[in-house]
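Hi,

Here is the structure I promised to pass on to you. Please have a look at it first, and my notes follow below.

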Amino acid sequence: MKVIKQQWLLDTAVHKWYLLTATLLFFGGCSNAFLISNTQQSMWLEQTLFSRFLIFSLLIPSQILLLLSTFRIRFQDIYIAGGRWIIWKQLKYRLIEILFFSLLPWACGSLTGMLVNGWRPTLGAVAT
């Protein structure tokens, strides 16, 4: 629990990066869904949510940059905790946080774009 509190205090310096990345991923997800106009029923999921171009040019690089810009190994933590296990806990916290802050806006943007673009019946069929 102390690790989460400490990492949350360190997060105040990088909240602007989270906001910028979330905005970029939201609009990336929306634009991906707007670009697909008429496709076959079987191809809509591959071309909207799982577009190879946008995943490998926008989603994964933004996750890597967020992780690299926010994770810092501090030797004081190792000395205070008495072991390197604290680094693994900090890394797990960062990975969970970055995945949450990057995948949630991506999913919301994609779903918003699909709803506006007229995919409501298909989404309803998939949800049921």
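Predicted model: local features only at pLDDT ≥ 70, side-chain atom pairs only at ≥ 80, totals over all residues.

A helix here is a DSSP run of H or I with at least four residues, numbered from the N terminus.

**Overall picture**

The protein chain holds seven helices and zero strands, so its pattern along the sequence is simply α-α-α-α-α-α-α. Of its 128 residues, 37% count as buried. Among contacts with a separation of 6 or more, 76% join residues 24 or more positions apart. The accessible surface of the chain is about 8600 Å², and carbon and sulfur atoms account for 72% of that.

**Helices 4 and 6**

Helix 4 runs over residues 52-70. Its 19 residues reach 26 Å from the first C-alpha to the last, close to the 27 Å expected at 1.5 Å a residue. Helix 6 covers residues 85-117. Why does its span agree with expectation? At 1.5 Å a residue, its 33 residues should span 48 Å, and because the end C-alpha atoms are 48 Å apart, the two values agree.

Two packed helices are described by the angle between their axes and the distance between the axes. For helix 4 and helix 6, the axes come within 10 Å and cross at roughly 145 degrees, and the crossing is right-handed. Residues of helix 4 that take part in the meeting include Leu-59, Gln-63 and Leu-66, while the helix 6 side includes Ile-98, Ser-102, Leu-103 and Trp-106.

Which residues of helix 4 are buried? They are Leu-54, Ile-55, Leu-58, Leu-59, Ser-62, Gln-63, Leu-66 and Thr-70.

**The cores**

The largest nonpolar core consists of six residues: Leu-25, Leu-54, Ile-55, Leu-58, Leu-59 and Trp-106. Helix 4 gives the most to this core, with four residues. Apart from this core lies another, of five residues, including Phe-71, Ile-78, Ile-86 and Ile-87.

Leaving aside residues up to four places away in sequence, Leu-59 touches Leu-25, Leu-54, Ser-102, Leu-103 and Trp-106. Of these, Leu-25, Leu-54 and Trp-106 also belong to the largest core.

Happy to go through any of this with you.

Best wishes

Terms used:
Residues numbered from 1 in each chain as written. Heavy atoms only, no water. Core = buried A, V, L, I, M, F, W, Y, C linked by side-chain atoms within 4.5 Å. Buried < 20%, exposed > 50% of the residue type's maximum accessible area, 1.4 Å probe, protein only. Helix = DSSP H or I, 4+ residues; strand = E, 2+ residues; numbered from the N terminus. Contact = heavy atoms within 4.5 Å. Areas by Shrake-Rupley, 256 points an atom, 1.4 Å probe, with all protein chains shown as cover. Expected span 1.5 Å × (residues − 1). Axes fitted to C-alpha atoms, helices over the stretch in contact; angles between N-to-C directions. Left-handed = near helix turned anticlockwise from the far one by under 90°.
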